[in-house]
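Q: Let us read this structure feature by feature. Please start with the pocket.

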Amino acid sequence: MCASRKQVIRIIVAVILGLFVLFAASVLAIIGSQFVPDTLGLLGEMGFLTHTGMLTLSILLIWLLSKGNVADYGLRRPFDCNWTRVILLSIVIGILVASIRTAVMGGEEGTIEDYFGIQIMIGVWVYASVAEEFLTRGLIQGYLEPLAEPDVTSPGTRISAPVLVGALFFALMHFAMVTLGLDITSVLATVVSAFLMGIIAGHYREKTGSLAPSILVHMLFNITGSIVFFLSGLL
């Protein structure tokens, strides 16, 4: 079997693993919602249950595929990480991307709780970031790590197959927003934003060998998005 064919098969397997986690997490959330009372607030939200399933299944598959050597999938302390650069780059690009996305989608009025409520801060800023990074940059990018050769290059930039596939998978996940009644323009704007964030998060995951920087990037993008959307609603 030629090397290129092996690479294609590995990519297909990685995508199948990701789709399995998404499907199984959704099914588990539907089942779990029948037993978790709405009075539990955040714990009763379908999104929270879905991300719980996503996180649990991703960790389980990482442990099985790595045979316990989870460091290969990013569960390790980062090395060679310039935290100041990660934070500043994430904030600047996050604000820029969120501003463009808001211009395309249009601002929406909302209360401060809609953007900075405790459920948003815990459920979206933190928990969703962790769960989605374990799936995309942990499970998928980790499984594709043997293919970490540059596929796309430009001056000062290196995008490997694992980073690119992880970012694409993460972006395409957001097409599910169509089920929420959003118009296709808003969905596409979100997908493109997610892809750009995925490239940055994937780059730092690959550069540092750890999920910690990619989770931070994800969180900062979510936070800057909340800030930009909130401010746009005031204008």
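A: Lining the largest pocket are 34 residues; Arg101, Val124, His174, Met177 and Thr190 lie nearest its centre. Elements that give two or more residues to this lining are α3, α4 (112-116), α5, α6, α7 and α8. Helices (H or I, at least four residues) and strands (E, at least two) are DSSP runs, numbered from the N terminus. The model is predicted: local features need pLDDT of at least 70, side-chain atom pairs count only at pLDDT 80 or more, and totals for chains, interfaces and linings use all residues. Residues are numbered from 1 along each chain as its sequence is written, and side-chain values use heavy atoms, with hydrogens and water left out.

Q: Which element gives the largest share of the lining of the largest pocket?

A: A pocket is an open set of points on a 1 Å grid over the protein atoms alone, where a 1.4 Å probe fits, with protein on both sides within 12 Å along at least five of seven lines; lining residues have an atom within 4 Å of a point. Here α8 gives the largest share, six residues.

Q: What is the volume of the largest pocket?

A: A volume is the space filled by probe spheres set on the points, which are joined across faces, edges and corners. For the largest pocket this is about 1,400 Å³.

Q: How many salt bridges does the structure hold?

A: A salt bridge puts a side-chain nitrogen of Lys or Arg within 4 Å of a carboxyl oxygen of Asp or Glu. The structure holds two. In one, Lys207 pairs with Asp80, with the closest N and O atoms 3.6 Å apart. Lys207 is in helix α7 and Asp80 in the loop between α2 and α3, so the pair ties together parts 127 residues apart in sequence. The other joins the side chains of Glu133 and Arg137 at 2.7 Å, N to O. Both of these residues lie in helix α5, four residues apart, about one turn of the helix.

Q: Is Glu133 buried or exposed?

A: Buried means under 20% relative accessible area, exposed over 50%, partly exposed in between (1.4 Å probe, protein chains only). Glu133 is buried, at 0% relative accessibility. Arg137 is also buried, at 0%. Lys207 is partly exposed, at 38%, and Asp80 is exposed, at 57%.

Q: Which residues is Ala148 in contact with, leaving aside neighbours within four places in sequence?

A: Contact means heavy atoms within 4.5 Å. Ala148 is in contact with Arg158, Ser160, Pro162 and Glu206. Ala148 sits in the loop between α5 and β1 (150-154).
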